2 protein chains.
Amino acid sequence: MRVVITGGAGFLGQKLAKRLIEVGTLTGSDGQPHAITKLALADIVEAAKPATDGIAVETFVGDLTEPAVVERLFAAPTGSVFHLAAAMSGQCEQDFDLGMRINVDGTRGLLEACRKQAAPPKLVMPASVAVMGGDMPEVIKDDTATTPTNTYGTTKAICELLINDYSRRGFLDGRTVRLPTIVVRPGKPNKAASSFASSIIREPLQGDDAFCPVPVETPMWLMSPRQAVATLIHTHDLPGETLGANRIITPAGLTVTVAEMVESLRRVAGDEPVGRISFGSDPEVENIICNWAGRWESRRAGGLGFEGDESMEAIIRAFMEDDMVKPGASA
Amino acid sequence: MRVVITGGAGFLGQKLAKRLIEVGTLTGSDGQPHAITKLALADIVEAAKPATDGIAVETFVGDLTEPAVVERLFAAPTGSVFHLAAAMSGQCEQDFDLGMRINVDGTRGLLEACRKQAAPPKLVMPASVAVMGGDMPEVIKDDTATTPTNTYGTTKAICELLINDYSRRGFLDGRTVRLPTIVVRPGKPNKAASSFASSIIREPLQGDDAFCPVPVETPMWLMSPRQAVATLIHTHDLPGETLGANRIITPAGLTVTVAEMVESLRRVAGDEPVGRISFGSDPEVENIICNWAGRWESRRAGGLGFEGDESMEAIIRAFMEDDMVKPGASA
């Protein structure tokens, strides 16, 4: 079976690719395991090819909002799609049209390509905490209305609805999963408004300074990259009949305040790294992040076998094991 | 102030136009009353021009999914838009692409035209009961997640999200209102799956036979055309600040079962018209209608001064006063 990962050059796409190569199979719409024979990594830049033997890895470079690029990507029969490519929250807020073009029109183009496949592929798209905002209940439940107060969240909520209807119609076998803020991302800060949440752990551990732009009492709903990859694959493998008409899933995230994140860092790595964090305010980031929901309760996720991270300390230790660049080493 | 009504040739567009001519003013985003000086009725067919003195009524014929048509419609400065044009539920279910093109792409084109206006216009779009479906709570509340199980509802839920974000960004001052099933529509059956709900009252009163394609215990959430027009205008006139970031409004509908509708007809008009209704099943209609929510509770609507119809009998009497064609008279 051929598997496509969009955003395949990104850190999550790369981790997912490596994990798919390790597991070697995915569960199809027929409920049976299918061996992954081809893995296509599509992105706006050339994706690194993870080491494999047996699985053919192809890379596709191009803008997925261009129909010709999508057509080329889906020219071969494709069994599964992980659609990770998206404009991020900060970008979408700065440029509404870009957000709509990449996240809504780009996703629609991709869904149409899936619809044209001879057999409807499975498709997983991460949605986001950003689908909630503004006036919302203290705790977000499975049947809470989406109330995005930023363009990124709006585009993701629209894609959730589209993927539900494409699935209901049998054009594809889709599912969306509202990934929590992923912490700790490796590498450099990115254009997500939540980028700081990784920076305040990663930079101090790697010997650099970090800036926290939101009040420390802000609750964040988090998941480690390791758990996010497991969640994407678990979402993929669920039988469509179990999900029914509603393909929108809230997984098992971990709620901690920024202050608790910092204290966890202290417990894992001591006072020295914590001293590298300075605290202040960035109204642009605050305006997005402080409107996100920190507390979520998903009865459905529990029933569907989703697992979350054990603790903030476990998340930090996972970063130190998987991705940390030792202070002084070249990144 | 110039006011645009899309779907201006439709029965609701025509009733709204007449009512706007009667009231003569609308409340602008500045909270002040603005005299309506021009009324533009846009539709795929030529709209009838209601009688006026003082207000200039223009008609625009064209497909609003064509950019040139939208550009022409919005060439003059426009203060308010009632966007009633849409592909209906039955149509969207038969033709997914048509539903997406008219209801999503068409609305986006219209929102973009509003965004290009020198001053952001007010915009009202009716959404629908169809935004709910499938696994949903017994009673729909203001913060219940949209779970459309048909393409029409999907497109309307997407437009709700779009109008929220366009408003938040200040591109326009929009609001959407989830109109209940409008009963009793005058004229002929249309392509809405809910068309029967008007037919079972209208046809018997006008001396014709009618067919009820759903079980009589099906609850329906209803509003008279008279009340729908008042609701659209009330929605328009609400101050944006009162609504805040969430511009999605559930108004004050009336919940009755099909059996109660029939009994109300009997109380108002006797046994003879009720005898003209035959009862059976149409799986295509049932599949849409029996997935709609019959019971809604909108605390917000009460606080915002929305009013509903008094009773099913009152709805039937309103039809007899406003729209009924006497049996034997030419339609």
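At what angle do the axes of helix H5 of chain A and H5(B) cross, and how close do they come? I started my notebook with that one. The model I am looking at is a predicted one.

**Entry 1: the two H5 helices**

I looked up H5 in both chains, residues 151-168. The axes of H5(A) and H5(B) cross at roughly 180 degrees and come within 10 Å. Angles over 145 degrees count as roughly antiparallel, and that makes H5(A) roughly antiparallel to H5(B).

Next I wanted the residues that meet. From H5(A) I noted A:Thr151, A:Thr154, A:Ala157, A:Ile158, A:Leu161 and A:Asp165. Facing them in H5(B) are B:Thr151, B:Thr154, B:Ala157, B:Ile158, B:Leu161 and B:Asp165. Sorted by class, this helix contact has six nonpolar, four polar and two charged residues.

**Entry 2: the whole interface**

I then stepped back to the chains. I found 22 residues of chain B in contact with 22 residues of chain A. Helix H5 of chain B gives the largest share of the chain B side, seven residues. That side of chain B holds eight nonpolar, nine polar and five charged residues.

**Entry 3: how the copies are related**

What rotation puts chain B on chain A? I get 180 degrees, with 0.0 Å of shift along the axis and an RMSD of 0.0 Å. The two copies are thus related as by a two-fold rotation axis. Both copies use the same surface, as 100% of the contact residues of chain B recur in chain A. I also checked which residue of chain B comes closest to the rotation axis: B:Ala145, with its C-alpha at 1.7 Å.

**Entry 4: the seven-stranded sheet**

Now for the strands of chain A. I traced an open sheet of seven strands in the order E5-E4-E1-E6-E7-E9-E13, with parallel pairing. Strand E5 (56-61) and strand E13 (248-249) stand at its edges with a single partner strand each, so one side of each has no neighbour in the sheet.

Inside this sheet I picked out one pair. Strand E7 (residues 122-128) and strand E9 (residues 173-179) of chain A run parallel and are joined by seven bridges. I noted A:Leu123 standing opposite A:Gly174 in E9(A).

Which helices lie across these strands? Helix H1 (residues 11-23) of chain A lies across strands E1, E4 and E6 of chain A, and H1 runs at about 180 degrees to E4(A). H5(A), back from my first entry, lies across E7, E9 and E13 of chain A. H5(A) runs at about 155 degrees to E7(A).

**Entry 5: the three-stranded sheet**

I found another open sheet in chain A, of three strands in the order E10-E12-E14, and its pairing is mixed. Its edge strands are E10 (181-182) and E14 (254-257), each pairing on one side only. E10(A) and strand E12 (residues 219-223) of chain A run parallel, joined by two bridges. Here A:Ile182 stands opposite A:Met223 in E12(A).

**Entry 6: a helix pair within chain A**

Last, I looked up H6 (residues 195-205) and H9 (residues 258-269) of chain A. They pack at an angle of about 25 degrees, with axes 10 Å apart. H6(A) and H9(A) are therefore roughly parallel to each other. Is their crossing left-handed or right-handed? I have it down as right-handed.

H6(A) brings A:Ile200, A:Ile201, A:Pro204 and A:Leu205 to the contact. From H9(A) come A:Met261, A:Val262, A:Leu265 and A:Ala269. My class tally for this contact is eight nonpolar, no polar and no charged residues.

Definitions and conventions. Residues are numbered from 1 along each chain as its sequence is written. Chains are lettered from A and ligands numbered from 1 in the order in which they are written. This is a predicted model: local features need pLDDT of at least 70, side-chain atom pairs count only at pLDDT 80 or more; totals for chains, interfaces and linings use all residues. Copies are superposed by least squares on the C-alpha atoms of residues with pLDDT of at least 70 in both. Two residues are in contact if their C-beta atoms, placed from the backbone, lie within 7 Å. Axes are lines fitted to C-alpha atoms, for helices over the stretch in contact, and angles run from 0 to 180 degrees between N-to-C directions. Helices (H or I, at least four residues) and strands (E, at least two) are DSSP runs, numbered from the N terminus. Angles under 35 degrees count as roughly parallel, over 145 as roughly antiparallel, 65 to 115 as roughly perpendicular and the rest as oblique. A crossing is left-handed if the near helix is turned anticlockwise from the far one by less than a right angle, and right-handed if clockwise. Ala, Val, Leu, Ile, Met, Phe, Trp, Tyr, Cys and Pro count as nonpolar, Asp, Glu, Lys and Arg as charged, and the others, Gly among them, as polar. Two strands pair if DSSP finds at least two bridges between them.
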